[in-house]
Amino acid sequence: MEYSIDEKICIAMSRTEDVKYRNKLRDTMNLDLVDDKAELESFIRNCTEQGIVIVTMKSERYPKSLLNLEAPPIVLYCKGNLGLLEKPAVAIVGTRDCTRYGQDVATRFAKEFAGRGLVVVSGLADGIDAAAHLGAGIENTIGVLGNGLNVFYPKGNTKLQKDMFQKGLVISEYLPNTPVARYNFPWRNRIVAGLSQALLIVEADIKSGTMITKDWALDLGLDVYSVPGPIYSTASRGTNHMIKEGGLIATSPDDVLATFGAFEKSKEAEATYIQLSFEEKMVIDMLRRGEQHFDDIVTELNLKPSKCVTLLTNMEIRGLIDKLPGNFFAFNQQ
Amino acid sequence: MLSKVKSFGVGGINGYVVDVEVDISPGLPRYLLVGLPDASVKESRERVDSAIRNSMFEFPNSKVIINLAPADTRKEGSLYDLPIAIGVLQSLGEIKDEEKAGEFAFVGELGLDGEIRRVNGILPILMSAKECGIKKVIIPKENEPEASFVHGVTVFTAKNLREIVDALNGEEGATLTRVNKKSFDEAKREDAHTVDIKFVRGQYTAKRALEIASAGGHNILLIGPPGSGKTMLAKCFPTILPDLTFEESLEVSKIHSVAGTLDPKRGMITTRPFRTPHHTASVVALAGGGKFSRPGEISLAHHGVLFLDEMPEYPRNSLEMLRQPLEDNTITIARSHATVQYPASFTLIASMNPCPCGNYGSRTQKCSCRRTEVSKYLAKLSGPLMDRIDMHIEVDSVTYDDLSQKGIGESSAEVKIRTSSARTAQLNRFKDSQNFSNAKMTEIDIKKHCALDPASEAILKNAFEKLKLSARAYSRILRVARTIADLEGEENINADHITEAVGYRSLDRKYGGN
């Protein structure tokens with residue numbers, strides 16, 4: 001990976017804690033100010049070997065939307081498919097302590113967005129973030145870390161992060177080995193907002209990191225949508241509060257898609273539908289009305305239960321439908 | 001004077017011959033019992049003493065030595081009372097015809113009045129008698145039902161000690177009662193089940209899965225909110241199980257005979273056992289063993305069902321203990337004083353809630369658990385244990401509409417016809433091996449009997465990729481698919497069978513953490 005002189009200066013800037021020195025570099029843009037050039041080169045080589053691409057403010061690829069931030073990140077350490085940075089993106093964020101409801105909503109909405117060609121951006125945390133990444137499918141999602149790329153936090157998302165290195169995209173403004181620090185997480189939220197054209201908050205308490213992301217998004221002038229929840233649920237206090245204050249409400253993925261203009265339903269899906277057998281069409285028609293329990297499908301189709309298990313499992317394997325906990329089935333939007 | 005009497009001991013679930021030698025010699029009155037007797041055998045002295053005196057004989061006022069041979073095996077239980085008493089009386093010359101007495105073997109506990117009482121383990125004892133060529137055995141009257149199913153041995157019963165001595169001495173009017181033999185078919189009787197699967201409304205997946213489990217002996221996990229009928233479904237399970245074969249029945253009855261859980265009136269177990277130990281049961285109670293080695297719940301469930309209600313409530317070590325017997329179908333209990341082996345080939349039915357509050361995935365109730373709590377709850381069941389469960393079935397609470405539905409489903413008897421014929425197919429398939437069912441197939445058996453055509457192979461490959469099934473699911477799916485094919489009467493497994501089998505592995509997918 002070859003970097004221009006400007007890019008190298010940016011990399012050098014990102015590696016120093018010394019504000020004066022950093023400003024001097026910024027103002028002069030003179031690479032000669034860097035004392036140990038060999039060390040800088042070896043750092044860059046090291047990153048390249050690890051598959052890390054450094055996107056700096058001076059790079060072609062740097063997302064222009066980030067420049068609207070008060071303090072745009074000087075560099076982004078990226079690992080994965082950089083092409084995702086060019087696609088329209090929606091951020092889905094929310095609490096780590098989510099409820100089943102929140103998890104479902106995040107998954108379903110993310111899946112729908114990805115199906116319509118959007119990239120889903122989130123923070124690779126537990127709960128809503130993980131559900132959003134998984135819902136969208138790892139090839140359609142960007143994760144923004146509050147720690148270095150080589151640090152895996154939370155532990156439970158290790159596999160997800162590794163998968164996203166391969167097929168999705170993980171980015172961080174911190175040096176690859178930066179450990180976890182609480183205060184970095186709210187700060188990285190500005191990048192989550194900065195990369196997106198709309199923000200969807202699924203579940204959040206009133207005082208939370210999610211609310212910080214919301215503030216960044218509002219500063220940038222993004223459409224911020226909240227998903228309503230039960231009034232007793234602490235996990236929905238923040239979102240319900242925002243709706244009460246006059247924020248945008250999202251009760252279906254289409255509400256959010258309004259921000260992006262019309263996204264047509266793919267012709268492909270229609271074509272697959274036509275090829276289905278009679279029973280399969282009946283199942284799809286049923287599931288388009290909403291989630292259905294296995295027993296209800298058996299009753300409606302008037303099939304033997306054993307045949308019905310075969311039918312549904314087959315459709316699940318082909319990716320037409322999803323099996324949900326509790327023996328429920330849902331239509332797979334993709 | 002020296003005398004020898006034949007009797008038996010029980011080790012594990014097998015009997016062996018014990019020679020009771022009694023020597024009475026002049027000297028200070030002493031009573032020595034050797035040959036590793038435990039407390040219950042040592043106590044026989046007082047019972048034998050009283051029983052002999054109360055049967056109008058004299059207990060010797062001199063040195064009595066009793067040896068139980070083989071002398072290096074531990075003897076336990078009260079069944080040596082009778083042979084010891086007979087030996088003593090023979091040494092005293094009260095029993096005149098030694099040769100005639102030598103034809104018999106004796107087992108029984110004595111009451112102080114000389115009455116002969118019931119003992120455990122008669123079935124394995126008589127079977128070992130048959131193997132060792134002992135033709136005549138005298139047993140307690142109360143054990144008669146068990147004895148009537150062992151052919152090739154003449155069994156007599158007696159009510160008290162005096163009766164035996166008189167009969168052996170050929171006194172007028174004194175005879176022993178001979179036990180009439182019965183055939184296995186006579187032992188079978190129409191079982192009056194209090195439940196029937198036709199009364200279970202809805203729950204189509206669960207009912208179908210139970211049918212497969214009963215046909216192939218597959219282990220099954222029922223997951224559902226409280227009140228969804230998991231226990232009801234499990235209770236219906238025995239009603240659709242294929243009948244025990246004679247060999248199976250004999251093995252099961254032997255275990256229960258040793259454990260003393262045999263119905264005294266029936267003598268033989270002809271229906272598959274259904275054991276439901278509570279979750280407070282100790283490891284020893286489940287596995288067997290203890291101070292007086294006794295088969296545990298898993299052995300009492302041999303060839304039947306072990307139902308663990310609310311599985312995560314069982315202590316971790318009790319559950320982990322199940323792993324080895326689930327794999328090997330027997331349990332070997334090693335203790336400092338002895339090592340015993342009990343058969344333990346059972347079908348495991350477990351039930352559990354999907355999360356701490358119980359309502360995860362329910363259509364009528366709301367779950368109030370956090371996602372992390374749900375995965376924590378499920379993590380209580382270890383991977384290796386889950387490896388051994390073939391089907392995970394989600395059961396949901398039934399709505400009022402389901403309950404008020406007109407018409408009822410298939411009855412247990414109808415389902416049983418199908419499961420029985422599927423089981424017959426398996427018995428034919430495995431007639432040359434130790435195996436009785438698809439669930440117990442080894443990897444070699446799977447290679448041999450679960451060949452897949454290219455279409456099924458493709459489906460399975462696809463399923464693994466799309467549904468992210470774990471590797472451990474592979475052979476489980478093949479075993480279940482084999483049973484589904486057997487239920488349909490098909491020689492080969494086809495794509496539909498594979499697909500259906502994949503459908504019964506819920507836990508490998510959405511529940512499994514991230």
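Start with helix 23 of chain B and what covers it. The cover over its buried residues includes helix 14 (305–317) of chain A, along with helix 21 and helix 22 of chain B. Contact here means that the C-beta atoms of two residues, placed from the backbone, lie within 7 Å. Buried means 20 or more other C-beta atoms within 10 Å of a residue's own; exposed means 12 or fewer, and partly exposed is in between, with C-beta atoms placed from the backbone. Helices are DSSP runs of H or I with at least four residues, strands are runs of E with at least two, and both are numbered from the N terminus.

How much of helix 23 of chain B is buried? Eight of its nine residues are, so helix 23 of chain B is largely enclosed by the rest of the structure. The buried ones are Asp496(B), His497(B), Ile498(B), Thr499(B), Glu500(B), Ala501(B), Val502(B) and Gly503(B).

A word on the model itself. It is predicted, so local features need pLDDT of at least 70 and side-chain atom pairs count only at pLDDT 80 or more, while totals for chains, interfaces and linings use all residues. Residues are numbered from 1 along each chain as its sequence is written, and chains are lettered from A and ligands numbered from 1 in the order in which they are written.

Now the interface. Chain B puts 29 residues into the contact, and chain A puts in 31. On the chain B side, helix 9 (204–216), helix 21 (454–467) and helix 23 (495–503) each supply at least two residues. By class, that side has nine nonpolar, eight polar and twelve charged residues. The classes are these: Ala, Val, Leu, Ile, Met, Phe, Trp, Tyr, Cys and Pro are nonpolar; Asp, Glu, Lys and Arg are charged; the others, Gly among them, are polar.

Helix 22 of chain B has another partner to look at. Helix 19 (residues 412–429) of chain B packs with helix 22 (residues 473–487) of chain B at about 115°, axes 8 Å apart. Axes are lines fitted to C-alpha atoms, for helices over the stretch in contact, and angles run from 0 to 180 degrees between N-to-C directions. Helix 19 and helix 22 of chain B are therefore roughly perpendicular; that label covers 65 to 115 degrees, with under 35 roughly parallel, over 145 roughly antiparallel and the rest oblique. Helix 19 of chain B contributes Arg418(B), Ala422(B), Ala425(B) and Gln426(B) to the contact, and helix 22 of chain B contributes Thr483(B), Asp486(B) and Leu487(B). That contact has three nonpolar, two polar and two charged residues.

Next, chain B as a whole. It has 23 helices and 19 strands. Of its 514 residues, 49% count as buried. Take contacts in chain B between residues at least 6 apart in sequence: 75% join residues at least 24 apart.

Chain B has a five-stranded open sheet, order 12-15-18-11-19, with parallel pairing. Strands pair if DSSP finds at least two bridges between them. Strand 12 (274–275) and strand 19 (391–394) of chain B are at the edges with a single partner strand each, so one side of each has no neighbour in the sheet. Strand 15 (residues 305–308) and strand 18 (residues 347–352) of chain B share four parallel bridges. Leu306(B) sits opposite Leu348(B) of strand 18. Helix 9 of chain B returns here. It lies across strand 11 (220–223), strand 18 and strand 19 of chain B, at about 155° to strand 19.

Over to chain A. It has 14 helices and twelve strands. Of its 334 residues, 47% are buried. Nine strands of chain A make an open sheet, order 1-2-6-5-4-3-7-8-9, with mixed pairing. At its edges are strand 1 (53–56) and strand 9 (248–249) of chain A, each with a single partner strand, so one side of each lacks a neighbour in the sheet. Strand 5 (residues 141–144) and strand 6 (residues 169–172) of chain A run parallel, joined by three bridges. Gly143(A) has Val170(A) as its bridge partner in strand 6. Helix 6 (residues 158–166) of chain A packs on that sheet, touching strand 2 (75–80), strand 5 and strand 6 of chain A, at about 105° to strand 6.

Last stop, the hairpin of strand 11 and strand 12 of chain A. It has three residues between the strands, and Gly326(A) takes a positive phi near 90°.
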